[in-house]
Amino acid sequence: MAARMLMVCVLVPLLYQVWSSAEPHHNEEELQPQTLYPWRNQGKGVVRVKRDWIIPPIRVLENSKQVPENLVQIKSDKIFTGEVIYKLEGPGVDQEPKNLFEIDDKTGIIRSKRPLDREKYNSFTLKAFALSPSGERLENPTTIEIVVLDQNDNRPAFTQSEFVGTVSEFSVPGTSVMSVSAIDKDDPMTENAFLSYSIIGQESIPANAVTKTMFGINNQTGAIYTRDVGLDREVVKSFRLKLQIADMGGMGLTSEGVAIIHVSDINNHAPQFSPTSYRMIAVENREDYEIGRVNVTDRDDRGTGNWEAKYLIANDLNGNFAINTDPATNQGVLTVVKPLDFEAKNEYILILMVENVNPLSNKAPNLPVTTARVVVTVVNENEAPQFREDPIQIVVPESVVPGTLLKNNIAFDPDNSVLRYEISRDPERWLDINRDTGDLTVKRNFNMRSPHVRNNIYNAVVKVTDADGVSTTATVSITLKETNDFPPQLFPLSGSVCKDAGWTGSGLVLTAVDEDFPPHAAPFTFKMPDDLSINWTVIQVNDTHAVLHPLLELEAGEYVVTVFVSDSGSPVLGAYAQVNVTVCPCDSFGDCKSEAGAILGSSVGISFIALIIIMASIALLLLLLLLAVAVTACGRRHHIKKGTGLLVGESEDDIRDNVFNYDEQGGGEEDENAFNIDLLWNPHDAPSTPGSYYPGSGVPRGKQPLRKDAPHNLPSPIYPRRPPADPTDIEDYINDGLEAADNDPNVPPYDTALIYDYEGEGSLAGSLSSIASGSSDGDQDYDYLNDWGPRFQKLANMYDPR
């Protein structure tokens, strides 16, 4: 293995040896590096500098088959003083990609362990270390740059499997069509990636339609262009080009590709009618329907704007017809857009023209403009009658009288047939129509307040039919003009006015109601007859209200005032109305008050609040007086002697011993006549004759009414027989008796005439029935009332015979 050894020492204490991988090694002796110490052979002028390793980049050819391969040897001058161990770190050694390089730790030779690929890693930067056996760093680490040299090991390739382009027909030579591109993974700075494009084949579609070479390509840029004339869309549709790309300027590796070039159409053919003469039939009085089609031919590309036709009618001045293009067939569709009238014209001759949607190219042949002649025959049919207007507009006043003619000559028949008229819809039956002439008249009076009148418009429907039964309807729209039909009515017709209001005070506010609509209603005018305006006047406030005032202060009482109110209609309508006015004294709010209230509210005498306080004080004094009398009466009850007068007992015992507890009176309807019942009636004294009843009770005599809310035949509770001796406990005595009566199941119901218990025998007190006896007050002696004290003095005075 021959080798070229490069031994360089540049003012550093490090020696290295490099083998060039570009040349084969000749023998094993040459692999041994020679160690040079150039600074020792120098003269006295050699200057030592800082010890650093300076190593130029090491170039290694990619894809080398000689692996492992020695790349470089590094040495430190520390080998003269002791043992040196060399280490290597970096990408390709202990970093990804690992195991590409290694170093002999004894000799310092760096080797490649595997073939390198420049397309993956084009360079490596490593660090070399010189260490002592103990691991001490003897020299500063040095950087070793390994550059991978490129080989032409990659074929160029097109960026697309198929390139597609378009060129217009009849393009001149040199017209740019499209560009193709390719890539090469080799080093772009070398010939290995210098590409060259070429066309190595051409096919026409249809096959053999064109045999000459129509396209060229720029070998450096890949731009394809036209080389010759003769691109006709009607002859050839497209081309298929076989392309080649080669590196090393066309001398290296190659690849192939495909380019498809379509020839696009230009509008170089004008459409032509085929045939140029047509006959069609149209029915009168119909519109928006097809009557026929016309055909054209065009050699341009189908479905494009160069092929699509656009039709025109040259002589349809009235616009009765229209022609449109069917996008699928490119035919012209002729339609009637306005109804035709056979009686007016029974035949039309139309001249049609055609052109393409896209403008015609200047490369098209110069041919005359094509036209077509269409004869349209109109067919007669029975036409429906026609109204002269729809809706039929009529404007009349609402007060128009029945029999008035509203409209005549409302319809006609194009075929001059006899017509019959009728009303199809008339919700209020206000209209009438002559069946033969169609004269529309008023049948009944109009009413603006009808629910069928909206915004002053009433709608009806009339129908006309010809002799063949063909009919037509139309709406009759009647606008009713408001007329002044009703006079306004005054409101209110009664009210009150303060007595002291006078001319400047408040009065009675009047208004009016008018059944008419504007402008025949408000503003209203309020007046008083001249002969009745002595004490009263009416003042207009606004368009709808007025105030009725007295002209002088009147006495309180009822007054009848006549007021005239009129509207603003034409003619003006008005009405008299009598207003009942009550003149009364008023409070501070302007409301009428009673005579008592007037007195209390006057400024003379005491105020109303003071009077209330005085009356409350008197009532309190009376209450205290009654309580004192009751207490005194209880204290003197034992000293009343027999025969002294009313309510006087025959014994010294407390008369309360002989008072029985009576059932509670009900609160029903029959209580209203309770005063007719003998309150002191004794059931033991009553007869039990059949048919006899207790007065006002509806209960047979001799039978006790039963309660439905309690069981029957239960024992009655024990009533308190003797009250406490202390009169202050009389309230407890009464409450105990009341509670016993409430819990007694044998008492009668509430809503009955009550039957009282038997009072017992041998009572020393006189019977209370004497109250209802026929005796007069003169038979009684009331002098004892004078002995009861001042609290009963007023009662004694009432019964004083003097």
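## Aromatic pairs and a leucine patch

Y348 counts as buried, because its relative accessibility is 12% (buried means under 20% relative accessible area, exposed over 50%, partly exposed in between, with a 1.4 Å probe and protein chains only). This is a predicted model: local features need pLDDT of at least 70, side-chain atom pairs count only at pLDDT 80 or more, and totals for chains, interfaces and linings use all residues. Residues are numbered from 1 along each chain as its sequence is written, and side-chain values use heavy atoms, with hydrogens and water left out.

Rings of Phe, Tyr and Trp (its six-membered ring) pair if their centres lie within 6.5 Å; planes under 30 degrees apart count as stacked, over 60 as edge-to-face and the rest as tilted. The count comes to 11 aromatic pairs. Two of them are tabulated.

| Pair | Centre to centre | Angle between planes | Class |
|---|---|---|---|
| Y121 and F124 | 5.9 Å | 40° | tilted |
| F321 and Y348 | 5.4 Å | 70° | edge-to-face |

F321 lies in strand β24 (residues 321–325) and Y348 in strand β26 (residues 347–356), so this pair ties together parts 27 residues apart in sequence. Strands are DSSP runs of E, at least two residues; helices are runs of H or I, at least four; both are numbered from the N terminus. F321 is buried at 5% relative accessibility.

F124 is buried too, at 3%. Y121 is partly exposed at 39%. Ring pairs link F101, Y121 and F124 into a cluster.

L621 is found in helix α2 (residues 608–636). L621 counts as exposed because its relative accessibility is 58%.
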